[in-house]
Amino acid sequence: MSRLRDMLDAGEFVITGEIAPPHGTDYSAMLTSVRTLSEVCHAINVTDNQGATLHLSSLAASRVVLDNGNGCEPIFQQTCRDRNRLALQSDLLAAWTLGLENVLVVTGDDPRGGDHPQAKGVFDLDSTLLIDATRNMNEGKDMNGAPLSGATDFFIGGALFPEAEPWEIALERAHQKINAGATFFQTQAITDTEKFARAAEALKPTGAKLIAGVLLFKSPRVINFINEKLAGLMVPDWITDRITSAASPLEESIKIATEQVRELSQIADGVHIMPLGSDDAVVRIINDAGLA
Amino acid sequence: MIITKPRDWARIKGNLEELGAKRVFLMGCGECATVAHTGGHAELMVAKSVLEGAGYEVTGLVVGAVACHSGGTRLEMRKHQHEIDAADAVVVLACGAGVQTAADAIAKPVFPGLESAFLGNVIRNGVFEERCMMCGDCVLDKTAGICPVTTCPKGLLNGPCGGMWDGMCEVMTDRPCTHVKIKQRLAEQGRCRVARIEPKDHSAKLKPGAVSMRPARDAKKAAASGEGSGS
Ligand code: SF4
Ligand code: SF4
């Protein structure tokens with residue numbers, strides 16, 4: 001039984017982190033991250049060829065987290081970009097067989113932005129349709145309705161961007177995912193708490209759980225990268241100003257994240273911290289925010 | 001119409017060199033490739049001077065009326081038989097369909113002179129956009145006449161994806177997100193929004209596609225002649 005689901009169902013505040021599997025087979029660095037993050041996180045997202053760049057599969061890496069997380073659970077990620085409906089369903093069956101219980105379903109970045117820009121993007125299903133297919137597996141059927149010899153019981157999540165405009169369309173999309181079977185959302189990095197509150201308010205009647213994304217704006221360079229390269233994200237001036245004028249940008253980013261976590265903990269069901277490699281910072285943020 | 005783009009000259013040259021070809025016959029297309037300004041008479045003249053500049057002899061050239069039309073292309077080739085006979089290879093400035101039709105009709109090696117890019121809408125003279133990929137399972141009925149399969153770079157049926165920003169597309173940042181446009185147009189038309197478009201039936205896209213409108217016609221003819229024959 002997914003502990004992440006149990007905690008959220010019980011109304012407990014959850015903390016999730018994120019790791020990227022290695023670009024290769026040596027996962028020792030990832031293991032170090034897992035050990036650090038598992039001190040304070042309840043679950044860790046294991047990205048799936050994030051940014052359309054090649055990494056060890058989320059399937060294998062999630063299993064490493066399961067085996068080494070000391071109770072901190074992996075959140076297996078599935079992007080629609082790299083696999084058709086056969087491969088996606090097959091991987092989901094594999095994930096369940098390997099003991100992975102939490103899955104986050106995302107569309108995925110376009111291959112043109114990654115390290116294999118010549119790759120064919122698959123997108124046979126979109127995230128809503130894959131959420132639906134996953135829910136079907138929980139009900140013991142494949143996406144055509146044919147019975148499976150052994151069902152899954154995934155805790156199914158989707159991605160949400162509460163700061164997206166036009167918001168009505170983003171909200172409609174969230175409802176669509178909930179209707180398809182998503183019961184929790186992890187959001188993209190939040191920079192505007194009021195907009196997050198708007199989303200939380202709008203989705204309250206659905207009972208879906210909202211885990212707010214918090215990104216470490218570590219340096220002016222990272223901010224530039226986000227503004228130029230990361231789709232759908234613009235760092236607001238108040239953050240840029242504080243980071244660029246700080247004696248230690250990393251320290252300042254930890255301060256900002258801590259403030260955000262404190263604020264978001266009043267309105268969200270959890271926080272999802274994306275440390276961009278500074279795993280120790282996650283431990284500090286959680287401690288400093290008084291959540292440990 | 002089919003949109004074609006010029007093909008890298010080095011590749012065409014490579015094809016000719018590999019064959020040791022020195023004399024070339026050129027063929028264009030009077031329909032799409034002419035409208036696309038890639039394989040009409042003007043472009044054949046440019047290709048001719050490029051070839052001649054590189055030391056090749058051009059034995060002749062023709063702009064076929066419709067390069068992908070089997071009968072028409074065969075007729076055209078027959079008219080230029082002696083020029084083709086004098087050539088070592090034929091380069092066709094038409095889409096891949098035109099190239100194959102020519103290759104069927106000619107005993108000599110035939111090479112593509114263009115890249116076939118997409119089925120395009122003519123926005124205005126010389127400006128083309130891909131709006132349909134001929135998927136065989138059209139969803140335009142549900143999407144207010146805007147094709148997400150083609151115009152969303154990810155081809156998502158249900159969107160927008162998480163990268164949509166201020167109504168604009170994540171991948172092609174200078175364009176509005178297809179799914180935002182679809183939802184806005186549906187709302188403008190007062191149509192209730194579609195909850196979800198179900199996964200596409202890719203088996204509907206037969207590859208290779210083949211359709212014959214003739215069996216009915218042939219059957220009719222046979223029936224007519226049957227009636228007339230009496231005994
Ligand atoms: S849904 Fe298919 S057939 Fe319809 S416009 Fe799009 S690509 Fe063409
Ligand atoms: S922003 Fe819209 S059009 Fe662009 S890839 Fe995402 S869903 Fe498709």
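Helices (H or I, at least four residues) and strands (E, at least two) are taken here as DSSP runs, numbered from the N terminus. With that in hand, Pro160(B) sits in the loop between α7 (148-151) and α8 (178-188) of chain B.

This is a predicted model, where local features need pLDDT of at least 70, side-chain atom pairs count only at pLDDT 80 or more, and totals for chains, interfaces and linings use all residues. Residues are numbered from 1 along each chain as its sequence is written, chains are lettered from A and ligands numbered from 1 in the order in which they are written, and side-chain values use heavy atoms, with hydrogens and water left out.

On confidence, the model scores ipTM 0.91 and pTM 0.92. Chain B averages a pLDDT (the predictor's confidence in each residue, from 0 to 100) of 93, and 97% of its residues score at least 70.

**Where the chains meet**

Counting contact as heavy atoms within 4.5 Å, the interface takes 28 residues from chain A and 27 residues from chain B. About 2,300 Å² is buried between the two chains, with carbon and sulfur atoms giving 58% of that; buried area is the accessible area (1.4 Å probe) that two parts lose on being put together, summed over both.

Across the interface, 13 residue pairs are in polar contact, both residues at pLDDT 80 or more. That term means a pair of N or O atoms within 3.5 Å; within protein, one must be able to donate a hydrogen and the other to accept it, and residues adjacent in sequence count only if both atoms are side-chain atoms. The side of chain B that touches chain A has 13 nonpolar (Ala, Val, Leu, Ile, Met, Phe, Trp, Tyr, Cys and Pro), 8 charged (Asp, Glu, Lys and Arg) and 6 polar residues (the others, Gly among them).

| Salt bridge | Closest N and O atoms |
|---|---|
| Asp132(A) with Arg196(B) | 3.3 Å |
| Lys183(B) with Glu172(A) | 3.8 Å |

Asp132(A) and Arg196(B) form a bridge that crosses from helix α5 of chain A to the loop between α8 and α9 (214-228) of chain B.

Two peptide bonds are worth a look. Gly159(B) to Pro160(B) is cis, with omega near 5 degrees. Glu165(A) and Pro166(A) are also joined by a cis peptide bond, with omega about -5 degrees, and Pro166(A) lies in the loop between β5 and α6 (167-180) of chain A.

Leu276(A) has a positive phi, near 50 degrees, despite being a residue other than glycine. Its place is the loop between β8 (270-274) and α11 (279-288) of chain A.

Definitions and conventions. Salt bridge = Lys/Arg side-chain N within 4 Å of Asp/Glu carboxyl O.
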